[in-house]
Each structure stands twice: as C-alpha cells, then as structure tokens.
Amino acid sequence: MAEPGVKPKVKVRFYRFQNRLKEKAAGAAGFKGSGEISADLLAKAEAALQQMSEDYPDWVSKLVDRLYEQHRRCVDTPGQRRSFFEELRRVAHDMRGQGGTFGYPLISEVAESLYQFTGPHSGQSDNHIEVIKAHIDAMRVIIRNRVKGDGGAIGEQLLKALRAAIEKYNVK
Amino acid sequence: MAKYDLERFSILIVEDNLFIRALIANSLKTMGVGRLFTCEDGGEAIEFLKLVKTDPMKAGTMTIDIIVSDWQMSPVDGMMLLRWVRRHKDSTDRFIPFIMITAFSEAERVAEARDLGVTEFLSKPFSIESVWKKILAVIDRPRQFVHTATYFGPDRRRQDLGHEDGERRTLDDRSPEVEIIRG
C-alpha cells in the first residue's frame with residue numbers, strides 16, 4: 001500500500017473513450033446493442049466481388065507472362081539471376097495473396113512455393129531455374145483450364161508433378 | 001436489428017497489390033462507406049496521414065476513421081506503419097482502429113502485431129462477410145486502450161476468460177498506480 005499523502009507513480013493508464021464510430025454509424029438518434037448493414041448492400045458487394053473474380057484469370061495470365069519473361073532472362077543472363085529472382089519473388093508474393101480470394105487457392109499454393117523457393121538465400125543453379133519453370137508451368141495449366149478450388153484429381157496431379165520436379169533436381 | 005450507415009466514414013486502405021486494393025475499395029464502397037483513400041505502402045500512408053492533419057483540404061478529408069493495411073509491403077510494411085501510428089511522436093491519431101490484412105503464411109506472427117497494438121486481423125483469402133465482420137467489430141466492440149511501460153494499444157484481453165495460471169494482473173481500477181482517462 002502507498003503511504004498516505006504520497007502519490008505512487010502511475011504504472012498503467014487506461015483510456016476509455018466514447019464510441020464515436022458507433023455514433024457516426026448509428027446516426028443522430030443512436031441505438032443500443034449491435035447494428036448491421038442491409039442485406040441488400042452485402043449482396044451487392046458480393047456481386048461486385050464475383051464480377052472481379054471473373055476478371056481474375058485474365059489478370060493473373062499477365063502475371064504468369066511476367067514470370068516467364070523473368071525465367072527467360074535467368075536462362076539468357078545467368079550473371080544477373082539475383083535481380084531476376086527478386087522480381088520473380090515480388091510477383092509470386094502478389095499472386096499468393098490473391099488466388100484464394102478469387103477461387104483459385106491452387107494459384108496461391110504454387111505461388112507460395114515459388115515465393116519460398118526464390119528467397120534471398122536460395123540457390124541459383126540451372127536446376128533451380130528448371131524448378132522455377134515447373135512452378136510457372138503449373139500456374140499456366142491452372143489458369144488455362146480454370147482449375148478452381150483444390151482442383152480435385154487435376155490439382156493433386158499438378159502438385160505431385162511440382163514436388164517431383166523439386167525432388168528430381170534435388171534442390172532446396 | 002437497427003441499421004448502420006457508413007456514409008460518414010473515411011477509411012484508408014494501404015495495399016501494394018492493385019487487384020486486392022481495388023477489391024477492398026470496391027467492397028467497402030458498395031457497403032456504403034462514404035470516403036475511401038488508398039496508398040500503396042506504409043510510407044505513402046504515413047505521408048498521407050500527416051497531410052490529413054496539416055492540410056485537410058489538400059488531403060480531401062478532415063479525419064481517417066479506420067486504417068485497413070496489408071502486412072507485407074515494401075519499402076514500409078504494415079507493421080512499420082502500425083508502429084508509427086501507435087508510437088511515433090508525429091502520429092496523428094494513436095488510437096485509430098487498425099485492421100491488418102494477413103496472408104496464411106503469417107499466422108504465426110500475429111502475436112507480434114497484437115503486441116504492437118493492432119485492432120483486428122483480416123486474413124486472406126477474404127470474403128465480403130469477413131470484411132464486414134471486421135468493420136462491425138471495430139464499431140461494436142471497441143476496447144479500452146492500455147498504456148504500460150511495455151505496451152500501448154487496445155486491451156489485448158478481449159474477454160474475461162479466467163486464467164489457469166492465476167490472474168497475473170496485479171493492478172485494477174482502484175489501484176493508485178492506475179490512471180483512467182476518459183474522453
């Protein structure tokens with residue numbers, strides 16, 4: 001206990017504010033308890049997301065082209081592979097964050113693998129370049145054939161082939 | 001149930017991926033959010049937040065109500081932005097709700113963001129429902145802010161669940177070492 005008359009040093013501050021966001025959202029009259037937005041607005045937002053999902057394969061095809069372009073450079077100019085790897089990794093990062101949202105979790109999975117594979121400490125041998133190509137090929141197959149969800153048997157086959165390529169070239 | 005109207009909300013979206021950025025902006029707009037602002041990385045967001053404070057006319061808004069930010073961006077990522085918002089002396093609103101977007105591979109790192117004072121997590125891949133739930137959580141369930149020698153941010157205890165190893169908090173509202181600030 002503190003000595004009477006001696007104020008102990010404050011160790012914890014709690015800030016308790018009025019909920020101004022709720023005031024903004026609930027309007028002047030306000031209300032108690034939880035609120036919601038209209039089901040109609042949510043349905044419209046869902047429809048907008050669906051619309052964007054339909055554009056997704058076209059969008060991601062362009063990213064796959066960019067990956068092929070970087071792969072080609074890795075083959076043509078081995079001395080500069082480090083910088084090409086950085087670009088590969090950047091694109092892979094973009095793709096791994098998108099695929100699942102638009103119904104293509106396999107794209108996310110392959111992109112994640114490519115992202116890990118092209119990290120700053122990754123090797124850059126010709127074998128590595130082959131494995132990179134195997135990743136990009138898998139992505140192209142997924143998009144061309146519109147392989148949604150986990151892809152069932154095709155999905156399994158694709159991932160198996162990719163793992164086999166990594167195994168074959170014995171690279172990490 | 002009573003309806004919320006987000007027309008008066010200003011939300012800042014910080015996301016380096018154009019497609020995802022457009023998706024979030026589009027979704028929030030359709031849900032009725034009045035004003036949306038977008039930045040491509042944390043650095044741009046910091047400059048924008050400063051501009052809101054110093055020149056709201058130029059920024060196009062007097063205030064930002066919620067920040068929705070991706071985690072992985074370069075050069076300034078979501079964690080650096082969060083740290084600036086919560087701790088930097090130039091921060092314009094240290095109490096602003098901050099929703100962090102996380103990819104599946106970042107699951108193990110959420111404790112790191114929690115300890116920097118994140119408000120909510122939105123995990124990718126996301127759905128309209130998950131986006132709305134996070135916005136709703138921010139509106140409906142704000143937490144008190146806690147400031148100690150080692151932490152500043154929303155209370156990390158969301159529920160009073162009881163603790164197997166006993167209560168480790170030694171101070172409460174009546175302790176003289178506790179100061180309560182209301183506003």
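Biologist: How are α2(B) and α4(B) oriented to each other, roughly parallel or roughly antiparallel?

Modeller: Start with the general idea. Two packed helices are described by the angle between their axes and the distance between the axes. Now the case here, in a predicted model. The axes of α2(B), residues 42-54, and α4(B) come within 8 Å and cross at roughly 25 degrees. Angles under 35 degrees count as roughly parallel. Therefore α2(B) and α4(B) are roughly parallel to each other.

Biologist: Which residues of α2(B) meet which residues of α4(B)?

Modeller: From α2(B) come B:Gly42, B:Ala45 and B:Ile46. They meet B:Gly78, B:Met80, B:Leu81 and B:Trp84 of α4(B). By class, this contact has five nonpolar residues, two polar and no charged.

Biologist: Now chain A. How do α5(A) and α6(A) cross?

Modeller: Use the angle and the distance again. Helix α5 of chain A covers residues 126-144, and helix α6 of chain A covers residues 152-168. Their axes come within 9 Å and cross at roughly 170 degrees. Angles over 145 degrees count as roughly antiparallel. So α5(A) and α6(A) are roughly antiparallel to each other.

Biologist: Which residues make that contact?

Modeller: On the α5(A) side, they are A:Glu130, A:Val131, A:Ala134, A:His135, A:Ala138, A:Val141 and A:Ile142. On the α6(A) side, they are A:Leu158, A:Leu162, A:Ala165 and A:Ile166. The classes are nine nonpolar, one polar and one charged.

Biologist: On to strands. How do I read a sheet?

Modeller: Strands of a sheet pair through backbone hydrogen bonds, either parallel or antiparallel. Take strand β1 (residues 10-14) and strand β2 (residues 35-39) of chain B. They pair in the parallel sense over five bridges. The chain gets from β1(B) to β2(B) through helix α1 of chain B, residues 18-30. This β-α-β crossover is right-handed. For one bridge, pick B:Leu12: its partner in β2(B) is B:Phe37.

Biologist: Which sheet has strands of chains A and B together?

Modeller: Four strands form an open sheet in the order β7(B)-β6(B)-β1(A)-β8(B), with mixed pairing.

Biologist: How does β1(A) pair with β8(B) and with β6(B)?

Modeller: Strand β1 of chain A, residues 12-16, runs parallel to β8(B), with five bridges joining them. There, A:Arg13 has B:Glu179 as its bridge partner. With strand β6 of chain B, residues 145-147, β1(A) pairs in the antiparallel sense over three bridges. There, A:Tyr15 has B:Phe145 as its bridge partner.

Biologist: How many residues of chain A and chain B are in contact?

Modeller: 42 residues of chain A are in contact with 45 residues of chain B. On the chain A side, the elements giving two or more residues are β1, α1 (20-26), α2 (39-76) and α3 (81-98). The most come from α2(A), with nine residues. This side of chain A divides into 19 nonpolar, ten polar and 13 charged residues.

Biologist: What is the overall make-up of each chain?

Modeller: Chain A has six helices and one strand. Its pattern along the sequence is β-α-α-α-α-α-α. Chain B has six helices and eight strands. Its pattern is β-α-β-α-α-β-α-β-α-β-α-β-β-β.

Biologist: How does the radius of gyration of chain B compare with the globule rule?

Modeller: Chain B has a radius of gyration of 17 Å, close to the 16 Å that the globule rule gives for 183 residues, so it is as compact as a globular protein of that length. Its C-alpha trace spans about 45 × 40 × 35 Å along the principal axes.

Biologist: And what radius of gyration does chain A have?

Modeller: Chain A has 25 Å, whereas a compact globule of 172 residues would have a value near 16 Å. The C-alpha atoms of chain A fill a box of roughly 75 × 55 × 30 Å along the principal axes.

Technical notes. Residues numbered from 1 in each chain as written. Chains lettered and ligands numbered in written order. Predicted model: local features only at pLDDT ≥ 70, side-chain atom pairs only at ≥ 80, totals over all residues. Pairing = 2+ DSSP bridges. Right-handed = clockwise from strand over helix to strand, strands pointing away. Axes fitted to C-alpha atoms, helices over the stretch in contact; angles between N-to-C directions. Parallel < 35°, antiparallel > 145°, perpendicular 65-115°, else oblique. Contact = placed C-beta atoms within 7 Å. Nonpolar A, V, L, I, M, F, W, Y, C, P; charged D, E, K, R; others polar. Rg over C-alpha atoms; globule rule 2.2 N^0.38 Å.
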